[in-house]
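Student: I've got a model open and I'd like to talk through part of it with you. Can we go question by question?

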Amino acid sequence: RHQQQRIQGKERLLDVVQIEKEQLLEAERLELEKQEKLKVVQDRERARLVEEAAKKDASRKSAAAAAAAAQHRAMLEQHRRLEAEEKQKQKVDEAKKADAAKAKIADAEDEYLFGSTSARAEAKRVEDLVSEVEQRAKKFETDASQSSARMQIKKSVNRAINQISASEKQVMNKMGELHQTIQRAEVTGRHALAFC
């Protein structure tokens, strides 16, 4: 009987050990499941943050592209406006020169009527000079062989004008470029200079 009790005690002890072992394995399994779930949650959160950062980056790039496009449009509009203003100014200047030449001629004619030949000669000289410059400019403008020279002059002048900024240094740089363009035109010929 005593032997039987010891065997039963050992069996109970083995049962307790077995139960504790199973409980320990179950706890480890639960811990592994918990870690896997935590890893899935962390991976999802990481993916969400990456996607959010990519969206922000794309939004930032889109905004930068839109701003650059708007700035480009504004620069083009400013260029067109400056070009139109320059053409208008040229027309006004040409009209003023023509009016001044006519006035000089009229003054010369008046002085001639009163006996002054020097005034008439001066008026004639000015009128001839204006006419000659206009003819040279027209000849250069219509001469097909001067097409590339015309384009180069226009390009140089337009580039210098378009690149003028608010700083005094930049204005002086562009004035220097315009001066060089006029000097190159003078080297090309009197027609090219008149075209400027």
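Student: Let's start with Q163: what is its relative accessible area?

Tutor: First, the ground rules: this is a predicted model, where local features need pLDDT of at least 70, side-chain atom pairs count only at pLDDT 80 or more, and totals for chains, interfaces and linings use all residues. Residues are numbered from 1 along each chain as its sequence is written, and side-chain values use heavy atoms, with hydrogens and water left out. Burial is scored with a 1.4 Å probe on protein chains only: buried is under 20% relative accessible area, exposed is over 50%, and partly exposed is in between. Q163 counts as partly exposed because its relative accessible area is 37%.

Student: Where does Q163 sit, and which residues is it in contact with once neighbours within four places in sequence are left aside?

Tutor: Helices are DSSP runs of H or I with at least four residues, numbered from the N terminus, and Q163 lies in the loop between helix 3 and helix 4. K174 is 11 residues away from it in sequence, yet their C-alpha atoms are 7.4 Å apart. With contact meaning heavy atoms within 4.5 Å, the partners of Q163 are Q170 and K174.

Student: How are helix 3 and helix 4 oriented, parallel or antiparallel?

Tutor: Axes are lines fitted to C-alpha atoms, for helices over the stretch in contact, and angles between N-to-C directions run from 0 to 180 degrees. Helix 3 and helix 4 pack at about 170°, with axes 9 Å apart. Angles under 35 degrees count as roughly parallel, over 145 as roughly antiparallel, 65 to 115 as roughly perpendicular and the rest as oblique, so this pair is roughly antiparallel.

Student: Which residues of helix 4 make that contact?

Tutor: Helix 3 brings I153, S156, V157 and A160 to it. From helix 4 come K174, E177, L178, T181, R184 and A185.

Student: S156 is in there; is it buried or exposed?

Tutor: S156 is found in helix 3, residues 147-162. Neighbours within four places in sequence aside, T181 and R184 are in contact with it. Its relative accessible area is 4%, so S156 is buried.

Student: Within what arc do the buried residues of helix 4 fall?

Tutor: The buried residues in helix 4 are K174, T181 and A185. They line one face of the helix, because, going by directions from the helix axis to the C-beta atoms, they fall within an arc of 35°.

Definitions and conventions:
Helix = DSSP H or I, 4+ residues; strand = E, 2+ residues; numbered from the N terminus.
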